[in-house]
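Subject: Handover of a structure and summary of findings

Dear colleague,

Please find the structure below, handed over for your use. A summary of what was found in it comes after.

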Amino acid sequence: MTDPFYLTTPLYYVNARPHIGHAYTNILCDTFARWKRLRGADVFFLTGTDEHGTKIEKAAKAEAKDPRAYVDAMVPQFKELWTILGIDYDYFIRTTDESHKKTVAFILRDLEVRGEIYKATYAGWYCTPCESFWTELQLKGDRCPDCQREVQQLSEDNYFFKLSKYQEWLIQYIEAHPDFIRPEIRRNEILGFLREPLEDLCITRPRARLSWGIDYPNSKDHVVYVWFDALINYVSATGYGREGEKSKAAWPADLHVVGKDILRQHAVYWPIMLKACGLEMPRTVLAHGWWTMSGTKVSKSRGNAVDPIELVKKYGVDAFRYFLLHEVTIGNDGAFSEDLLGERYTTDLANDLGNLWFRIMTMLQKYFDGKIPAFENRYLENELLKKSFDLLARVSVTMEGYDPRTALSQIFEVITRANQYVEEKKPWVLAKDPVQKGVLAETLFVLTEAMAHAAVLLQAFIPGTSAKVLDRLGIQGAGLLGSSAGFAKPLVPEGRVIERGEALFPRLDEPAPKDAGV
Ligand code: MSP
């Protein structure tokens with residue numbers, strides 16, 4: 001039996017085109033999903049769209065569209081971007097799916113039966129963009145404490161979910177499970193938030209004020225609060241609450257990847273909802289930081305959104321993926337600039353990786369007719385070969401800790417070392433001396449193996465480039481990461497004639513790569 005691994009992205013609001021922030025979350029998840037698959041896990045990777053609530057209703061109105069027609073027109077833009085970015089998800093869930101609505105209704109009825117929901121009058125302040133209620137005390141200078149925008153005063157009858165009842169339980173759970181909220185700085189933030197008394201959660205909106213939502217099962221006058229509806233997607237994708245339906249996903253999720261702005265919903269509301277339903281906790285909620293431009297969060301409403309499709313057209317999908325994965329440590333914010341992306345492209349991808357490939361292949365062609373030289377001791381004592389064979393062990397530990405940035409650095413360390421090795425060994429000098437033919441063969445063998453091992457590992461991060469290299473080398477990459485024994489050995493078939501092919505990362509002033517993905 002292979003190990004199941006269930007991971008999720010947040011569901012994206014469809015009130016605007018996806019931007020670099022959304023692309024980042026999905027690229028992270030895709031990298032984890034690919035990595036786990038390569039390691040032999042039976043992965044279920046869920047993504048989708050969050051389609052109810054005031055934000056969406058307003059956006060539809062602005063285009064004079066019925067909300068349903070509006071969301072139906074927006075969803076393909078997300079799917080198209082995920083295809084361009086190579087996001088290999090297993091299931092795309094929409095909160096307007098009938099199946100999802102059934103699970104939401106099931107959970108609400110169940111929570112009512114369990115005595116976890118009550119009706120009351122709410123009087124206080126409301127932030128429409130955040131869809132959040134605030135008490136007078138929570139406001140910051142008359143404004144929303146989260147987004148600093150204006151709030152409105154409200155008084156209305158609603159249904160409430162008993163969050164406060166589980167506050168102590170949640171604190172203890174988080175304290176007993178260090179891996180539940182990551183990274184640590186975010187875990188401490190949530191524990192800090194939980195030091196203040198938790199208010200019960202208002203889980204409905206009066207239909208008179210908002211009609212675009214899932215019907216509340218026991219009241220014609222209410223729809224379900226968009227966050228309560230959306231969080232449930234993670235179990236509705238497993239078929240929960242729908243007798244007889246089968247899904248490949250099985251609860252609990254192993255990993256929820258979210259941005260730091262939506263951690264509270266995932267690390268406070270969601271665990272309590274699950275606990276109240278008698279469901280297991282997800283293993284890890286991983287919160288990443290924000291991409292910023294000139295110091296502020298990239299977002300459509302701030303008007304500084306960066307279009308990922310434009311960047312992919314210019315730099316290729318793998319350069320974009322590499323940049324996002326490599327530039328920041330998960331949890332920290334990253335300052336986006338196109339100059340920086342261009343710099344990374346040139347230094348790491350074109351000069352280090354692309355150039356290493358070019359040099360090895362040029363030398364193989366020149367000295368060995370493009371063939372990996374026949375070679376007796378393919379397990380020779382050699383520092384670079386050893387480093388290449390050991391690479392899986394190092395990268396595995398790093399990826400178990402969900403740290404793709406360090407993993408990429410570990411892989412690129414081998415690439416850099418291989419480039420230095422070329423300088424040290426000077427194959428062009430060895431080639432002049434027939435006595436050195438064996439040393440020359442050994443050198444090129446070691447270099448090709450370093451390249452091959454790096455490429456096998458890069459499958460999870462920059463799959464297109466990795467596939468090109470592996471294909472040219474005649475290596476089947478899929479099965480090689482299941483065990484260290486399968487990886488720590490020579491991988492390139494002896495005697496194979498290798499095509500150098502076109503440049504992996506052409507210079508930026510040359511025409512865009514043909515397979516840029518768009
Ligand atoms: N619909 C909710 C999530 C519901 S999950 C059950 C939502 N949607 S969102 O479209 O506003 O944001 C989705 C994700 O994109 C969040 O994880 C958010 O952090 C991320 N990003 C949006 N802008 C971002 C940046 N500028 N940088 C990095 N990620 C950011 O919230």
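This is a predicted model: local features need pLDDT of at least 70, side-chain atom pairs count only at pLDDT 80 or more; totals for chains, interfaces and linings use all residues.

Residues are numbered from 1 along each chain as its sequence is written, and side-chain values use heavy atoms, with hydrogens and water left out.

Sheet. Helices (H or I, at least four residues) and strands (E, at least two) are DSSP runs, numbered from the N terminus. An open sheet is formed by six strands in the order 3-2-1-11-12-7, with parallel pairing; two strands pair if DSSP finds at least two bridges between them. Strand 3 (91-94) and strand 7 (181-182) are the edge strands, each pairing on one side only. Strand 1 and strand 2 run parallel and are joined by eight bridges, and Tyr13 stands opposite Asp50 in strand 2. Strand 1 (residues 4-13) also pairs in the parallel sense with strand 11 (residues 255-259), over two bridges; here His256 is the bridge partner of Thr8. Of the nine residues of strand 2 (residues 42-50), eight are buried, where buried means under 20% relative accessible area, exposed over 50%, and partly exposed in between (1.4 Å probe, protein chains only).

Helix 4. Gly115, with a positive phi near 75°, follows helix 4.

Ligand site. The ligand is surrounded by 25 residues, of which Leu11, Asp50, Gly259, Asp261 and Val298 are the closest; a residue is near a molecule if one of its heavy atoms lies within 4 Å of it. A polar backbone atom of Gly259 is 2.8 Å from an oxygen atom of the ligand. A nitrogen atom of the ligand lies 2.8 Å from a backbone N or O atom of Trp291, and a nitrogen atom of the ligand is 2.8 Å from a polar backbone atom of Val298.

Aromatic residues. Rings of Phe, Tyr and Trp (its six-membered ring) pair if their centres lie within 6.5 Å; planes under 30 degrees apart count as stacked, over 60 as edge-to-face and the rest as tilted. A search of the whole structure gives 28 aromatic pairs. In one of them, the ring centres of Tyr118 and Phe160 are 5.7 Å apart and the planes are at 15°, so this pair is stacked. It links distant parts of the chain, with Tyr118 in strand 4 (residues 117-127) and Phe160 in strand 6 (residues 152-161), 42 residues apart. Tyr118 is partly exposed at 30% relative accessibility, whereas Phe160 is buried at 8%. One aromatic cluster is formed by Tyr6, Phe44, Tyr91, Tyr234, Trp251 and Trp270.

A charge sits over a ring if NZ of Lys or CZ of Arg is within 6 Å of the ring centre and within 35 degrees of the ring normal. Arg209 lies over the face of Tyr126, 4.6 Å from the ring centre, and Arg264 over that of Phe193, at 4.1 Å.

Loop. Pro129 is in the loop between strand 4 and strand 5 (132-134) and is partly exposed, at 27% relative accessible area. Pro129 and Lys55 are 74 residues apart in sequence and 6.6 Å apart in space, C-alpha to C-alpha.

Yours sincerely

Conventions:
A polar contact is a pair of N or O atoms within 3.5 Å; within protein, one must be able to donate a hydrogen and the other to accept it, and residues adjacent in sequence count only if both atoms are side-chain atoms.
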